[in-house]
Amino acid sequence: MKDFLFDMIATELEDAVGRENCSTRTIDKLTHSVDYFWLSRMWADRGLRMPEGDFIVAPKDAKETSAVLKIANYYKVPVTTWGGGGGTQGGAIPVCGGIVLDTKRMNKIYDINEQGMYIECGTGAIYKHIEWAANERGYATMHYPSSLTCSTVGGFLAHRGIGVSSTKYGKIDDMVLQMEVVLPNGDIIETSPAPKHAAGPDLNQIFIGSEGTLGIMTKAQMRIYDQPESRQFRGFLFHNMTDAFNAGRELLQKFKPSVMRLYDEAETASLIKKIVGVEKKGAFMNIAIEGVKEMADLEMKILLETFGKYGAEDLGSEYGEKWWKEKITFFYPGHMMDIPQCFGTMDTIAPYDKIENIYWKMKEAIETNFPQAKFIAHFSHWYEWGCMIYDRFIVDGKDVPQDPHEALRLHQSIWNCGVRTAIANGGVVNDHHGVGIKLGRLMKEQYGPAMQVFEGIKKQLDPNGIMNPYKLGL
Amino acid sequence: MRFSEKSKEHLDACRFCWMCRHICPIGNATGLERNTARARALGLSMVARDAVPYSDDIINNVYECATCGACVKECVTGWDPVMFVKEARLGAALDGKLPDYILKLINNFNEKGNIYGKDNDPAIAAAGASAQSDTLFFIGEDARYNTPQNAIEAAELLKKAGVDFTVLDNEPNSGYSMDFMIGAAAETKSVMEECAKVLSKYKTVICYDAADAKVMKREYKEWGIGLNAEVKTFTEFVSGLIKDGKLKVKKSDMCFTPQDSFLLARDLEETEPMRDILNACGCVTEMLLNRKDTMLAGNLIMAEYMGDVMDAVARDRWVNAKNVNAKTVVTQTPAEYAILKRTKPEGIELMTVEEAVLKCL
């Protein structure tokens, strides 16, 4: 961009949000160019700079966001929304430069509504902060992903995030009541006052998961829950995963635990052994039951009877409690995979009639085509009809090319192999990390002609194509 | 800028990790992505790789860290952003790249003996009980030049307990502020050595400011600076006076909410003496993030160059206090008292720990 036009746009943005909230400093551009996506990390590790935004802009509310989008539309400057930057799919990387719109100034908690059981907040609020706000009144958000402390409300909404207690409390898209959204043309809209209705399609669900390609969510009402009177844990060891799937499916026809996590033998022998201390061979499964004590006690009885039928070894409460305490520990540097390893989580979801087959097919595809890769998995979000696989590939540093272009090729080819295998066997592109630039190309392969629905909405709302270009396959 | 191997290891661990984002008082106050341990680590790791120069705006970002250690406390795998921040500050000093606002404070120190460039308040020297005691009441730079009245009240409290102590008119600088600004530079060590020489003439040193106690108990020891005197924090000492019956405190109907100083809670692992004092004076209501999890409420050195942000940091802490319907917030350090005072909302009181005790004698 020529200096003169650059300065003109900069001064208009400064006018919209205040000079102190519009930066062109190297440190700001740099820190908004690398998210949790392996490729951006690898690029930085090799001493290369990722594509950077030209302007880092932080509006304080929908009105300022609207002003920024109007400027961007006029000059046809790309806008990439940045929440916490903790996404794994490259969704927040400003691949075309332009404006990075950081939402974290929109972090106000407007209302803790104990009648309606929700917190209304700006989408730039860190989720842990709204959890604290709920806790101070004796409530909880029940959204406990490993990135709870890293990511914003908007980030979770934009990528359809999920927490460890999802089986009872739902995914982020189940936890939102109403939202305020700024459309690409700068119009500020509100979704339906209640999430369940017959007033046409659900506007919430159009913007949730849209990854900043259709507009910017600026305010949301997020559900809060009573703190459970009782939270009880039980660890089990299954002889094989088939038994575990059958046991889990049967259990879910009876009641919903909060946490259900099944680890394959490889992950039981690695991460679970290291962090939780389970030494035995088999597939470890952790269950948490919570709510009113009397009901939790009864559910525990049903759990033990049901899992007993499938030959599960009851490991007692100790491992489960340890797991709960350490549930985020898994993700700290030193425990989590990190550069120089090449790795990725290819989470997918399917009904019970397909899920185990997808696991075995993906494992076979990865291990056959990439013998240098290790494949581990757990199954951590369960429904009455199916569950998700959190499957990961890990390539040791010694097997990862130092040349960044070759490393990128290896990474992309493993992803293509894994996700295409999932799709071919009835899975979806992704369960709860989103699509970003990483998986955009595969969206078309999953949806086929259905993709035109998304493309039509995109064309109508964002005719200049300024919103987060090259993400979500749009 | 060349980093030690240890720092490089920590930079590389932190550069892609956001787990401590929520706990950073500066990041919470500004909402800026660069005010995270991860952003600082990423920027410095790129400097270490010669991908970007150690430029002014990366250096400025290094000075936006309060070194409060909340991120260090939060990290379950033991990575230490404070360590690489201090090394980066030392590097900026050695490379002749200190920002003007830091140079100004250092010039103040060289000219006036304190970074604030202020003159000594004669009332403080007069606050001592005796000129010949073997116990020194060390006021420190923050209180002496920013909240002298608090130091005078603290001395008053010691006198009421019958403590025989000296206050120095020409009190040496502990080196805390130099350590904050340029880390383990020769100049910092030299200031500390001078201070240790003076302090070693005393049997006991009671530090009014936890910042001074922290460097005397930690950095002096770590850097082999000999200090013969026994160093006690003011809260530890006053708590002892109450337990020994030397201060007869009457329990009131007041309710106090402690603002734990990270210097005491995290660096010196002292959390209970203030609670013992306040429980003797009334009742205690805790706010979110207490004891070792405490959140910074103000830093006077940083207030010299980012005053607005310090005010925002303090306002965040007032929100925590208000959320538990705190009646009176009690501070342990002059810095937090000063910044909380200037941002105090209506309907809630602010006291130093000595004020609380004086009200209950």
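**Entry 1**

I started at A:Leu472, which sits in the segment after helix H16 (451–461) of chain A. This is a predicted model, so I kept in mind that local features need pLDDT of at least 70. The phi of A:Leu472 is positive, about 65°, although the residue is not a glycine. Is A:Leu472 buried or exposed? I found 25 C-beta neighbours inside 10 Å, so A:Leu472 counts as buried; the cut-off for buried is 20 or more.

**Entry 2: another positive phi, in chain B**

Next I looked up B:Glu269, which is not a glycine either and has a positive phi of about 55°. I placed B:Glu269 in the loop between helix H15 (262–267) and helix H16 (272–281) of chain B. B:Glu269 has 10 other C-beta atoms within 10 Å, so I noted it as exposed; 12 or fewer is the limit for that label.

**Entry 3: a cis peptide bond**

I then checked the peptide bond from A:Ile339 to A:Pro340, and it is cis, with omega near 15°. A:Pro340 belongs to the loop between helix H12 (318–325) and strand E16 (342–345) of chain A.

**Entry 4: domains of chain A**

I wrote down four domains for chain A: domain 1 (3–102), domain 2 (109–226), domain 3 (230–331) and domain 4 (342–459). Taken over C-alpha atoms, the centres of domain 1 and domain 2 of chain A are 23 Å apart. Where these two meet, 15 residues of domain 1 of chain A are in contact with 21 residues of domain 2 of chain A. On the domain 1 side, helix H4 (62–75) and strand E3 (79–82) of chain A are the elements that give two or more residues. H4(A) gives the most, with 6 residues. I sorted that side of domain 1 by class and got 3 nonpolar, 10 polar and 2 charged residues.

**Entry 5: chain A against chain B**

How many residues of chain A are in contact with chain B? I have 37 residues of chain A touching 30 residues of chain B. On the chain A side, the elements giving two or more residues are helix H2 (26–31), helix H3 (38–45) and helix H5 (127–136) of chain A. H2(A) supplies the largest share, 5 residues. By class, this side of chain A holds 14 nonpolar, 14 polar and 9 charged residues.

**Entry 6: a sheet in chain B**

I followed an open sheet of 4 strands in chain B, ordered E5-E4-E6-E7, with parallel pairing. Strand E5 (283–284) and strand E7 (349–352) of chain B are at the edges with a single partner strand each, so one side of each has no neighbour in the sheet. Strand E6 (residues 328–331) of chain B runs parallel to E7(B), and 4 bridges join them. For B:Val330, I found the bridge partner in E7(B) to be B:Met351.

**Entry 7: the nonpolar core**

Last, I looked at the largest nonpolar core, which has 257 residues; A:Val57, A:Val68, B:Phe137 and B:Cys207 touch the most other members. Helix H3 (residues 37–48) of chain B gives the largest share of this core, 8 residues.

Methods: Residues numbered from 1 in each chain as written. Chains lettered and ligands numbered in written order. Predicted model: local features only at pLDDT ≥ 70, side-chain atom pairs only at ≥ 80, totals over all residues. Contact = placed C-beta atoms within 7 Å. Nonpolar A, V, L, I, M, F, W, Y, C, P; charged D, E, K, R; others polar. Pairing = 2+ DSSP bridges. Core = buried A, V, L, I, M, F, W, Y, C linked by C-beta atoms within 7 Å. Domains from an automatic or database assignment.
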